[in-house]
Amino acid sequence: MRWQGTLTHDARYLFATRFTRLFAYGALSVVLVFYLTGLGLSAAQTGLLFTLILAGDTVITLFLTSVADRYGRRRVLLAGALLMAGAGVAFALTSNFLFLLIAGTIGVVSPSGNEVGPFLSIEQAVLAHVVPGQSRTAVFAWHSLIGSFATALGSLFGGVVPGIVQAGPASPQAGYRAVVILYAAGGILLAAIFARLSPAAEVHDSAARPAGAASLFGLTHSRALVFKLAALMGLDAFGGGFVVQSMAAYWFYLRYGVNPATLGGIFFGANLFAGISALLASRLAARFGLVNTMVFTHLPSNILLILVPLMPTLPLAITVLLLRFSISQMDVPTRQSYLMAVVRPEERSASAGITAVARTVGASLAPWLAGLMFASGTLVDVPFFLAGGLKIVYDLVLYREFVNLPEQDGRG
């Protein structure tokens, strides 16, 4: 792993923030539906809340990533961390749906266990700037692995903590609230790490946009390419939104009566397999290319996703889910590296931000629809079918549109 010698202190800090953030996201995602329904929200209200939270995150992410280069990436990352901490505190203190909606929309909450907010977009831009081009996919793969491993540990943690709290006289709801409070603490720790970033993390004057270039959301030359990629990523995220980790966990509860502690173990294994799959992506990409690796690992994973609810027993459903996760994340570092390769250096923050927003927009409606299906009692399996089918369409269109475009930027 020769690329490790190229990591600066700033890059190592970003690996640490990735771990901290995804650990908190993973822990919260396992218990969030249980916590909210324990507050008195229905399954349909919870799905609607998730949808509106993700929609609000779209505005926050687009705004913060669009001003990051102007006002400082470190400042924006600090602001995002404080918004995460504030949302956690608000969720722990109120049961009012309107207040929860305001806190979740303005703050940073991850109902899926996956990335939300401006963090990853800005981290990608910094990492792409400070590592050589030939090491970028490997660095992104390890960055993704750390996130998956952290999500796995967080999922396990989120399932165990309520059981520990409930072992005493406390109610189950108190156990779930403990995880929410720890989520807020994670935001504070995240802010402390971001505060250590050096001026090297900022955009240099040499990367300024060419004079006279027309800009839209920070994009000039790469606009058409990025918007096309963003539309496809939005479709992929819309499909994935039907089976965000919180909803998938709730499906296992509805179908098999699985308790939160067991759910934590299931998603610990799932995210661990996902992390390993991301690590293997860089080797496959070096041999077969970024686009080929994205499509031909993502496609079978989506077929497996469709098969999960068709399994007749819990062990078989868990097995298929784990098989799916073992190849599901190979497209993540390759997709990130491909985007950084095909856009200009001065457009990387904006490109990552716009594609992240597209993914958030795509994912924002699906949880509400999934909540309605769960509430119906007869359509609980349909979200898996919709998710897998839409993601397969994404794979096929992505291959057709981008397989012949160059994948190298020539840096390093």
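This is a predicted model: local features need pLDDT of at least 70, side-chain atom pairs count only at pLDDT 80 or more; totals for chains, interfaces and linings use all residues.

Visitor: What span is expected for helix α14, and what span does α14 reach?

Guide: Helices are DSSP runs of H or I with at least four residues, numbered from the N terminus. The expected span is 1.5 Å times one less than the number of residues. Helix α14 (residues 348-376) has 29 residues and reaches 43 Å from its first C-alpha to its last, close to the 42 Å expected. Gly377 follows α14 and has a positive phi, near 85°.

Visitor: Which residues have the most contacts inside the largest nonpolar core?

Guide: A nonpolar core is a set of buried Ala, Val, Leu, Ile, Met, Phe, Trp, Tyr and Cys residues joined through side-chain atoms within 4.5 Å. Buried means under 20% relative accessible area, exposed over 50%, and partly exposed in between (1.4 Å probe, protein chains only). The largest such core has 115 residues, and those with the most contacts inside it are Leu36, Phe91, Phe194 and Leu263. Helix α1 gives the most to this core, with 15 residues. Contact means heavy atoms within 4.5 Å. Leaving aside residues up to four places away in sequence, Leu36 touches Leu41, Thr46, Leu49, Phe50, Phe91 and Leu100.

Visitor: Is Thr46 buried or exposed?

Guide: Thr46, in helix α2 (residues 43-71), counts as buried because its relative accessibility is 1%.

Visitor: How are Phe34 and Tyr253 arranged as an aromatic pair?

Guide: A pair of aromatic rings is described by the distance of the centres and the angle of the planes. Rings of Phe, Tyr and Trp (its six-membered ring) pair if their centres lie within 6.5 Å; planes under 30 degrees apart count as stacked, over 60 as edge-to-face and the rest as tilted. By this rule there are 17 aromatic pairs. Phe34 and Tyr253 are edge-to-face, at 5.6 Å centre to centre with 80° between the planes. Phe34 lies in helix α1 (residues 9-38) and Tyr253 in helix α9 (residues 245-256), so the pair ties together parts 219 residues apart in sequence.

Visitor: Where does the charged end of Lys228 sit?

Guide: A charge sits over a ring if NZ of Lys or CZ of Arg is within 6 Å of the ring centre and within 35 degrees of the ring normal. The charged end of Lys228 sits over the ring of Phe402, 5.9 Å from its centre.

Notes
Residues are numbered from 1 along each chain as its sequence is written. Side-chain values use heavy atoms; hydrogens and water are left out. Helices (H or I, at least four residues) and strands (E, at least two) are DSSP runs, numbered from the N terminus.
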